[in-house]
Amino acid sequence: MLNTLNLALQGKAVTVFTVQDKIKGARTKLKLWCACIDCREFDCFPTLADFLLETKETLGDDTVTAIKEHLQGLHMQLGKYFPELDVDFEWIRNPFGDIIEQCTKLSIQEGNSLVDIASDGGLKMWSNDDIQRHTLAKSRRMAMRRPAYMFNARYNSLTLIEERFLEAAEYGNIPVIRRMLEELPEINVNCVDYMGQNALQLAVANEHLEVTELLLEKENLARIGDALLLAISKGYIRIVEAILGHQAFADTTKLTSSPLQTETHDDFFAYDEDGTRFSHDITPITLASHCHEYEIVHILLRKGARIARPHDYFCKCNSCLYHQRHDSFSHSRSRINAYKGLASPAYLSLSSEDPVLAALELSNELAVLANIEKEFKLYAE
Ligand SMILES: [Zn+2]
């Protein structure tokens, strides 16, 4: 019994409430068994009952008392290690009870949020079951992920509709995405989940081509550049092509510039720390070369993208001087990333007419650099 209980308390979907329920159930069972033993009923212990039946023996009073004491001890200890939850938390399980009474137990801000949830007018679009399921899920998540939720103001402000939207994008629910985009023109397609990812990033990360295409039709879509980098890093060629078909890439400068170079903070690339996972100096073609994505490198080359050769190490141009002084580590790293891309088999073989000659030239250059810049040693070998 303890093994089963132990297993039931583990896993991803377990919350404080499931644990509480299981423990409560186990403790009630222990009480029931004590009552059974008092009546000399041993059916709740199959092995013991079988043994008694086979041997036609009966248990002495001492043994019965010992078993009962053991069960009572277990009951007490479970109660000690898992104290009953405060009833004040019950609203998390059922936010549809008496809202005012529940709100008085919360801070003003939390109370306001609960009322918002319970009276969100847009929710009428969804079936009652839907609302119940999602409100419940949201409240639980809010309770369980308290730290992340408190520090992330944007997540705090997600409406249930937005949560449903992000979830549909993540799981590739095409009908829901299509319906929401058609019927809710005012929906914020750039809302982000508690991890700072927007719908486009979630759809691309989970290889949902159709959802990606539907999202790309929306105006003012943010982080298209970041979604492209994401698709490249995962080698999702069809999605890369879909994103490159977006009007943002009609102008090829978007393809050759890195998040660092655009510096316009226009949300094309995610510029906040948790929104992107790519080094700020990486361009689509550098990334494709690093990842040995031949087909993607080919597509990007055809679109006019190239990896710019870093300036000479001793270059004294304004840009080099500025970056060297401003952040010499980033400057070094961006040079390494560029050379790593230039030297990759995918880029070499597809971009030069004579890959062997190009490789030889490059390796000479890297050998010289390795003597100057220690970080280059790794790539010259
Ligand atoms: Zn320079």
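This is a short tour of a predicted model, one selection at a time.

**Stop 1: the core.** Select Ala169, Ala199, Ala231, Val240 and Ile243. These residues have the most contacts inside the largest nonpolar core, which has 48 residues. Now colour helix α15, residues 224-234. This helix gives the core its largest share, seven residues. As a general rule, nonpolar side chains in soluble globular proteins tend to be buried together.

Stay with Ala169. Which residues does Ala169 contact, leaving aside neighbours within four places in sequence? Show Ile177, Ala199, Leu202, Ala203 and Val211.

**Stop 2: two helices.** Select α14 (residues 209-216) and α16 (residues 237-244). Their axes are 10 Å apart, and the packing angle is about 5°. Angles under 35 degrees count as roughly parallel, so α14 and α16 are roughly parallel to each other. Next, show the side chains where they meet. From α14, pick Leu209, Thr212, Glu213 and Leu216; from α16, pick Arg238, Ile239, Ala242 and Ile243. The residues of this contact are five nonpolar, one polar and two charged.

Stop 3: Move to α3, residues 46-55. How many of its ten residues are buried? The count is zero, and the helix is hardly covered. Then click Lys56, which follows α3 and has a positive phi, near 55°.

**Stop 4: Arg333.** Select α22, residues 328-342, and find Arg333 in it. Is Arg333 buried, exposed or partly exposed? Arg333 has 16 other C-beta atoms within 10 Å, so Arg333 is partly exposed. Arg333 and Ser279 are 54 residues apart in sequence, yet 9.0 Å apart in space, C-alpha to C-alpha.

Terms used. Residues are numbered from 1 along each chain as its sequence is written. This is a predicted model: local features need pLDDT of at least 70, side-chain atom pairs count only at pLDDT 80 or more; totals for chains, interfaces and linings use all residues. A nonpolar core is a set of buried Ala, Val, Leu, Ile, Met, Phe, Trp, Tyr and Cys residues joined through C-beta atoms within 7 Å. A residue is buried if 20 or more other C-beta atoms lie within 10 Å of its own, exposed if 12 or fewer, and partly exposed in between; C-beta atoms are placed from the backbone. Helices (H or I, at least four residues) and strands (E, at least two) are DSSP runs, numbered from the N terminus. Two residues are in contact if their C-beta atoms, placed from the backbone, lie within 7 Å. Axes are lines fitted to C-alpha atoms, for helices over the stretch in contact, and angles run from 0 to 180 degrees between N-to-C directions. Angles under 35 degrees count as roughly parallel, over 145 as roughly antiparallel, 65 to 115 as roughly perpendicular and the rest as oblique. Ala, Val, Leu, Ile, Met, Phe, Trp, Tyr, Cys and Pro count as nonpolar, Asp, Glu, Lys and Arg as charged, and the others, Gly among them, as polar.
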